[in-house]
Amino acid sequence: MDCILEIEDLSLSFGGLQVLRNVRLDVLRGKVTALIGPNGAGKTALLNCVSGIYAPQAGQISFDGDNIIGWSPERVARAGVARSFQNLELFPSLSVLENLLVARDQHFRGTALGAAIFFGPARRRELLEREKVERVIDFFELWPLRHVRAHDLPYGQQKIVGFARAMAADPKLLLLDEPGSGLTRDEKEDLARFILRLRFDWEVSILWIEHDLQMVSDLADRVHVLNAGECIASGTPNEVKQVPAVISAYVGDEAIAVPPKKSHAAAI
Amino acid sequence: MSINMNTQRIPSSLPTSRGRTIALRRGRAQWLTVLLGALALLLLPGVASVFWVHLANVSLIAVIAAVALNILTGNARLVSLGQAAFLGIGAFTAGILQRAYDVPFPVALAAAAVAGGIAGFFIALLSLRLRVLYVAVTTLVLHFTVTTIFSFVQAVFLDSSGIILPLPSLGILILKTPTQWYYFLVVVAAIVVLGALNLLRSFIGRRWTAVGEHDLAAEALGVPVAKAKLSVFAVTSAVVAFAGALSAYYVGTFSFETYNLGLAIAYLAMIIVGGVGSVLGSVLGAVFITLLPHVLDQMFLLLDLKIRANVLAGIHQITFGAMIVGFLLFEPRGLAELWRRFSAAAADWPFRYRSVDRGNR
């Protein structure tokens with residue numbers, strides 16, 4: 001199978017805390033790969049390893065043929081990996097348009113002096129990149145929001161703008177960190193539509209962290225399940241659903257179920 | 001449908017362009033405001049007394065330095081207490097070069113800018129991994145280091161009472177009277193303001209703001225964070241040092257005592273009162289804080305109140321402090337926001353709010 005991202009035996013720990021343990025997973029080229037798992041399973045940590053924010057102790061991450069372990073976040077991004085963040089890391093005082101243009105940073109050339117003079121090459125470049133960003137604005141239907149400061153947007157729109165900003169970088173691999181959390185039903189439907197359209201219209205591979213299992217089984221081509229730092233299952237959504245380890249990780253089993261405490265009931 | 005395909009979406013025959021949406025001035029009303037402002041600046045020496053032209057000159061120099069500080073502190077979020085130090089670096093570089101090699105005025109100014117840029121670059125290197133408060137402490141260290149060096153240099157190599165600079169000349173033009181200085185400074189300040197506005201709408205300005213607001217997110221988007229921090233410190237410090245050299249030449253003499261922490265705080269007050277992160281705010285704040293004590297003095301003079309000098313100094317300090325606290329509490333976006341609201345209301349007059357089809361910009 002043609003994989004854009006292959007992770008092998010990835011281990012990450014902070015002091016005595018083992019966050020990821022020999023994780024092995026892959027992302028298919030041009031497909032949507034979901035990464036699911038309970039809270040604290042290490043999903044975001046894995047994304048941070050891929051984008052170069054965390055330095056894993058062992059393992060290999062190969063992106064498009066390069067081993068990107070040890071690369072700086074900037075270098076990873078320039079190689080074609082873009083991401084959205086869980087906690088809305090938009091630039092609050094910049095407009096939506098400017099937020100998207102920051103993602104095109106690597107395509108700009110020139111000095112501060114040229115930028116201060118502005119007219120001529122700097123202006124032409126600005127307009128050219130603006131046209132590229134306009135395609136993303138069209139795609140995500142952000143027309144009325146172009147000049148609104150990110151700080152003034154409601155939560156759901158900030159999430160979509162975060163998604164759009166990652167796409168404005170025109171990445172080969174898109175990392176989405178819980179784009180659906182906190183969205184209303186309508187906004188989630190928009191999100192699902194955007195992911196599907198990207199999957200079919202845009203040549204991008206997606207690694208997508210999501211808690212909404214319904215959405216995952218509807219949209220994902222392949223699912224990896226993380227639990228307590230280990231990858232416990234990989235496969236199509238339907239295959240993964242049958243794996244006993246996944247079921248016990250999500251709903252627990254009798255062996256580890258804790259009986260309700262009496263004192264709780266008394267307190268209520 | 002890749003992002004790179006078919007970027008020519010809009011027929012050029014349509015009466016619209018992206019160029020218009022990134023223009024600095026939109027619409028006739030804004031052009032008119034700029035035109036009227038330029039006219040007022042041009043005519044000021046004709047109607048004002050020499051004293052007020054002098055104050056205008058001091059304000060214009062403050063504008064140049066405040067615009068730079070506001071980009072560093074307001075946009076890139078690197079709080080600098082080193083403003084006085086950078087101003088001093090400019091003055092001392094120009095002064096020493098003038099004294100030792102008798103270099104021409106433009107060369108001394110350029111050298112001051114270069115020296116400020118180098119100092120800013122090294123401070124940025126030291127504070128590359130630091131955030132808000134820690135950057136402020138680094139610049140505070142710079143302040144005390146540099147001022148100590150100034151006092152030593154001045155006592156040993158220059159005159160301990162202060163260094164006197166000759167009248168500067170630009171080719172055949174000699175800057176002697178306040179009015180001559182005024183026109184020169186208006187042009188320089190206009191260039192700096194225009195440059196700042198252009199920088200902030202370019203990728204460099206976006207990079208600086210992005211790194212200031214969320215360095216991790218910026219880095220994950222491919223923005224060279226270290227380069228951005230180094231460049232914003234170097235560029236703005238160069239402009240501040242340039243303003244310091246201008247100021248030394250304008251006054252004709254300078255001494256290390258001028259560059260105290262109070263001066264650095266006064267500059268922070270300018271950008272807070274004017275509007276953090278706004279070029280217009282830097283201009284308004286610099287003029288406001290520079291004129292404040294003098295306007296108060298004139299008021300007392302008009303009211304025929306005889307106030308002792310030491311009491312007057314106290315009144316200046318209290319008003320200064322009250323202004324900072326007042327703006328922080330009631331209008332954190334400063335004079336620039338007041339102006340924005342006023343001009344929006346003026347544009348909609350006689351209606352109370354904007355009709356829907358006028359849009360939000």
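What follows is a conversation about how some terms apply to this predicted model.

Colleague: How do you know that the size of chain A agrees with a compact globule?

Modeller: For 268 residues, a compact globule would have a radius of gyration near 18 Å, and chain A has 20 Å, which agrees. Along its principal axes, the C-alpha trace of chain A spans about 70 × 45 × 35 Å.

Colleague: What is the secondary structure of chain A made of?

Modeller: Chain A has 11 helices and 10 strands. Of its 268 residues, 43% are buried.

Colleague: Why is Val204(A) called buried?

Modeller: A residue is buried if 20 or more other C-beta atoms lie within 10 Å of its own. Val204(A) has 23 within that distance, so Val204(A) is buried.

Colleague: Where does Val204(A) lie, and what does it touch?

Modeller: Val204(A) is in the loop between α7 (185–201) and β8 (205–209) of chain A. Leaving aside residues up to four places away in sequence, Val204(A) touches Pro171(A), Lys172(A), Leu174(A) and Leu198(A). Gln18(A) is 186 residues from Val204(A) in sequence, and their C-alpha atoms are 32 Å apart.

Colleague: What makes β1(A) and β2(A) a pair of strands?

Modeller: Two strands pair if there are at least two bridges between them. Strand β1 (residues 3–14) and strand β2 (residues 17–28) of chain A are joined by 8 bridges, so they pair. The two strands run antiparallel, and Leu12(A) stands opposite Leu20(A) in β2(A). They form a hairpin with 2 residues between them, and Gly15(A) in the turn has a positive phi of about 60°.

Colleague: How do you know that β1(A) also pairs with β4(A)?

Modeller: By the cut-off of at least two bridges, the 5 bridges between β1(A) and strand β4 (residues 58–63) of chain A make them a pair. These strands run antiparallel, with Ile7(A) opposite Ile61(A) in β4(A).

Colleague: Which domains are assigned to chain A, and how far apart are their centres?

Modeller: The domain assignment gives domain 1 (3–80 + 171–267) and domain 2 (90–165). Their C-alpha centres lie 28 Å apart.

Colleague: How many residues of the two domains are in contact?

Modeller: In chain A, 9 residues of domain 1 are in contact with 7 residues of domain 2. On the domain 1 side, the largest share, 3 residues, comes from α7(A). By class, that side has 4 nonpolar, 2 polar and 3 charged residues.

Colleague: How do you know that the span of α10(B) is close to the expected value?

Modeller: The expected span is 1.5 Å times one less than the number of residues. For helix α10 (residues 225–251) of chain B, which has 27 residues, that comes to 39 Å, and the helix reaches 39 Å from its first C-alpha to its last.

Colleague: What makes α10(B) mostly covered, and what follows the helix?

Modeller: Of the 27 residues in α10(B), 22 are buried. The helix is followed by Gly252(B), whose phi is positive, near 95°.

Colleague: How many residues of chain B are in contact with chain A?

Modeller: There are 35 residues of chain B in contact with 40 residues of chain A. The largest share of the chain B side, 7 residues, comes from α8(B). By class, this side of chain B has 16 nonpolar, 13 polar and 6 charged residues.

Key:
Residues are numbered from 1 along each chain as its sequence is written. Chains are lettered from A and ligands numbered from 1 in the order in which they are written. This is a predicted model: local features need pLDDT of at least 70, side-chain atom pairs count only at pLDDT 80 or more; totals for chains, interfaces and linings use all residues. Helices (H or I, at least four residues) and strands (E, at least two) are DSSP runs, numbered from the N terminus. The radius of gyration is taken over C-alpha atoms; the globule rule is 2.2 Å times the number of residues to the power 0.38. A residue is buried if 20 or more other C-beta atoms lie within 10 Å of its own, exposed if 12 or fewer, and partly exposed in between; C-beta atoms are placed from the backbone. Ala, Val, Leu, Ile, Met, Phe, Trp, Tyr, Cys and Pro count as nonpolar, Asp, Glu, Lys and Arg as charged, and the others, Gly among them, as polar. Domain bounds come from an automatic or database domain assignment.
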